[in-house]
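Thanks for coming, everyone. I'll walk through one model today. Please look at the picture first.

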Amino acid sequence: MSKPMVLILMGSDSDLPVMEKAGEVLKEMGVPYELDISSAHRLPEKTAEYSKAARERGIEVIIAGAGMAAHLAGVIASHTTLPVIGVPLKSGTLNGVDALYSTVQMPPGIPVATVAIDGAKNAAYLACSILSIKYSDIAEKLESFREKTRQSLLEKSKELKKA
Ligand code: RP5
């Protein structure tokens, strides 16, 4: 695989079933990525190292998914000025609302672009949108994906009216 442009980090291996969906979208879009576990609380040094080294390594966007007291995306954003997209994950007794608030409520100056609870796919599409500013091939792939979605929904609408 070529040099990763997107870094996907998650707090635990239990987050993988949701977070791998971000990887699937990036693969479809032809965007090379790296995926790993790194926790703000359980692996703070590794998280800081990943974040500080990311720009030098050629990473252009970071996606971070975590559940419960989800500080991973925020901590990453505190160590880098690269765009950070946070995915609050549904785990624990509060069903992801805790993670949503922990991820979205960042102090001014250290933003995290937060998607929906378990919104790993949209995190990847947003990463592609950011990359499309610089890479026209990614912009074209996003356009054709939207067109496919449009056509498929119009088809379904036609079928529904026929029934
Ligand atoms: C968070 O705690 C992780 O991101 C995960 O969503 C949640 C539970 O982690 P495990 O106990 O399953 O490792 O840090």
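How far does a polar side-chain atom of serine 14 lie from an oxygen atom of the ligand? The answer is 2.7 Å. A polar contact here is a pair of N or O atoms within 3.5 Å; within protein, one must be able to donate a hydrogen and the other to accept it, and residues adjacent in sequence count only if both atoms are side-chain atoms.

A word on the source. This is a predicted model, where local features need pLDDT of at least 70, side-chain atom pairs count only at pLDDT 80 or more, and totals for chains, interfaces and linings use all residues. Residues are numbered from 1 along each chain as its sequence is written, and side-chain values use heavy atoms, with hydrogens and water left out.

Aspartate 15 has a side-chain N or O atom 2.6 Å from a ligand oxygen. For serine 91, a polar side-chain atom is 3.4 Å from an oxygen of the ligand. Alone, the ligand exposes 360 Å², and the protein buries 73% of that. Those areas are Shrake-Rupley values with a 1.4 Å probe; for residues, only the protein chains shown count as cover. The residues around the ligand, with a heavy atom within 4 Å of it, include Gly11, Arg42, Ala66, Gly67 and Met68.

Now the inside. The largest nonpolar core has 27 residues. By that I mean buried Ala, Val, Leu, Ile, Met, Phe, Trp, Tyr and Cys residues joined through side-chain atoms within 4.5 Å. Buried is under 20% relative accessible area, exposed is over 50%, and partly exposed is in between, with a 1.4 Å probe and protein chains only. Among the residues with the most contacts inside this core are Val6, Met19 and Ile63. Elements giving two or more residues include strand S1 (6–10), strand S3 (61–67) and helix H5 (120–132). H5 gives the most, with 7 residues. Helices (H or I, at least four residues) and strands (E, at least two) are DSSP runs, numbered from the N terminus.

A second, separate core has 18 residues, including Leu72 and Ala73. Both are also among the buried residues of H3. Cover for the buried part of H3 includes S1, S3 and helix H4 (97–104).

Last stop, alanine 69. Alanine 69 sits in the loop between S3 and helix H3 (72–79). Leaving out residues up to four places away in sequence, alanine 69 touches His41 and Ser102, contact being heavy atoms within 4.5 Å.
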